[in-house]
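Hi there,

I am passing a structure on to you, and I hope you enjoy looking through it. Please open it first, and then read on for what turned up.

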Amino acid sequence: MSAPSVEARRLLVSQVVASVDPRLQQALQGALASPGPCPHPVGAQTVVIAGHRAAGKTRLLPLVSKLLGRPGLDLDAELERRHGRPLRTWVAESPTTFRAAERETLGLLPPGSVVAVGGGFLSHHPEALAGHFTLVVPVTFDTYRERLTADTTRPRLRTDVSLEEELHSLFHEREALHARVPTISLADFLRGCLAQEPE
């Protein structure tokens, strides 16, 4: 897979912007037009797409993969393929073994890949991201809540409380944990893609 042309990069960046939380699209567009850092992964550095559940990581995976000219992998799909176990029941029945398996599997993936990880990865395994280019997909609480309330296919993570309490507590707890991990904002990453020299 080769790196895209300047025109193709511009188109892909606009598709990424159109794919994020609608409540954040205008701010993201404005950030791209402002000066700021332009980080870019180096060499065979793995790019990890992280963030909250329902932030849109899986939707952005093929776009980021094309932007960088690198293969893309969804960690949840890899876990199901390698272990032959549906995530919905695995997370509910044995969260500890699931968390251990997701951490181990990230380390087994080819270096230099673009990998979308699950919503809990950033808060559960921050040390496993050392040396990776970790890109965070932003989402507002309102959008997170709307998407997870509508999506009945995702497993509940705290069945001892109401869904509303679960969503509120998990979002805010994970926000605090995410803030402690060295990551790259989506705006800075996209600015870096636009600033790249032509191939």
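Below are some notes on the pockets and on one helix.

Please keep in mind that this is a predicted model.

Let's start with the largest pocket, which has a volume of about 600 Å³. Its lining is made up of 28 residues, and the closest to the pocket's centre are Arg 53, Asp 76, Gly 118, Gly 119 and Arg 154. Helix 3 (57-68), helix 4 (75-83), helix 5 (87-93) and helix 6 (95-108) are the elements that give two or more residues to this lining.

Next comes the second largest pocket, with about 180 Å³ of space. Among the residues that line it are Val 91, Phe 98, His 124, Leu 157 and Arg 174. Helix 5 and helix 6 each supply at least two residues of this lining, and the largest share, three residues, comes from helix 6. The lining of the second largest pocket divides into five nonpolar, four charged and two polar residues.

Finally, have a look at helix 10 (residues 186-195). Eight of its ten residues are buried, so helix 10 is largely enclosed by the rest of the structure. The buried ones run through Leu 186, Ala 187, Asp 188, Phe 189, Leu 190, Arg 191, Gly 192 and Cys 193. What covers them? The cover includes helix 1 (6-19), helix 2 (25-33) and helix 3, along with strand 4 (133-136) and strand 5 (184-185).

Key. Residues numbered from 1 in each chain as written. Predicted model: local features only at pLDDT ≥ 70, side-chain atom pairs only at ≥ 80, totals over all residues. Heavy atoms only, no water. 1 Å grid on protein atoms, 1.4 Å probe; cavity = no way out; pocket = protein on both sides within 12 Å on 5 of 7 lines; lining within 4 Å. Points joined across faces, edges and corners; volume = space filled by probe spheres on them. Helix = DSSP H or I, 4+ residues; strand = E, 2+ residues; numbered from the N terminus. Nonpolar A, V, L, I, M, F, W, Y, C, P; charged D, E, K, R; others polar. Buried < 20%, exposed > 50% of the residue type's maximum accessible area, 1.4 Å probe, protein only. Contact = heavy atoms within 4.5 Å.
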